[in-house]
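Hi,

Here is the structure I promised to pass on.

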Amino acid sequence: TSSESTYQLAVAEQLLRFLNSAHDFQSRELNILLRSLQATKVEHRLPWWSDVRSCRRRAQRPWQQLSIAKVFVQASEFEDLATKALLSRVRWALAAQRIWPADAFRMFDKSSTGRLRKEDFRAGLEQ
């Protein structure tokens with residue numbers, strides 16, 4: 001099979017899983033689903049999915065706790081691209097300086113609270 005038909009099969013599988021009110025999607029599967037649903041309005045997705053899911057005899061955990069929650073708040077898979085790019089840059093910068101993430105956290109945590117505020121993180125990145 002060609003790569004196009006492999007992708008079309010993946011799209012069909014993820015859409016059918018969504019229609020079946022599945023909620024255990026991996027990151028790649030969510031991106032395929034988001035790409036497939038980007039022509040639909042975000043505000044219409046959750047009510048429809050919830051109606052279908054209410055007909056199922058499955059455990060009904062809140063949708064906010066499920067991996068599929070991303071589909072109900074994001075219009076496309078590109079919305080978190082800037083965040084992913086920033087994380088990649090930070091990862092590469094730490095690797096270039098041979099700093100482990102835990103060590104970077106301790107360096108950024110100036111107040112020694114065990115938590116990073118946005119200001120601490122920004123100051124740490126500017127070092």
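Below is what turned up around the rings.

First, the ground rules: this is a predicted model, where local features need pLDDT of at least 70 and side-chain atom pairs count only at pLDDT 80 or more, while totals for chains, interfaces and linings use all residues. Residues are numbered from 1 along each chain as its sequence is written, and side-chain values use heavy atoms, with hydrogens and water left out.

There are five aromatic pairs in the structure (rings of Phe, Tyr and Trp, the last by its six-membered ring, with centres within 6.5 Å; planes under 30 degrees apart are stacked, over 60 edge-to-face, the rest tilted).

F18 and F72 make a tilted pair, because their ring centres are 6.4 Å apart and their planes sit at 45 degrees. F18 belongs to helix α1 (residues 3–19) and F72 to helix α4 (residues 69–73), so this pair ties together parts 54 residues apart in sequence (helices being DSSP runs of H or I, at least four residues, numbered from the N terminus). Both F18 and F72 are buried (under 20% relative accessible area; exposed is over 50%, partly exposed in between, with a 1.4 Å probe and protein chains only). Ring pairs also join F18 and F72 with W48, W49 and W63 in a cluster.

F108 and F121 are edge-to-face, since their centres are 5.9 Å apart and their planes at 70 degrees. F108 is buried at 7% relative accessible area, whereas F121 is partly exposed at 30%.

Cheers

Notes. Helices (H or I, at least four residues) and strands (E, at least two) are DSSP runs, numbered from the N terminus.
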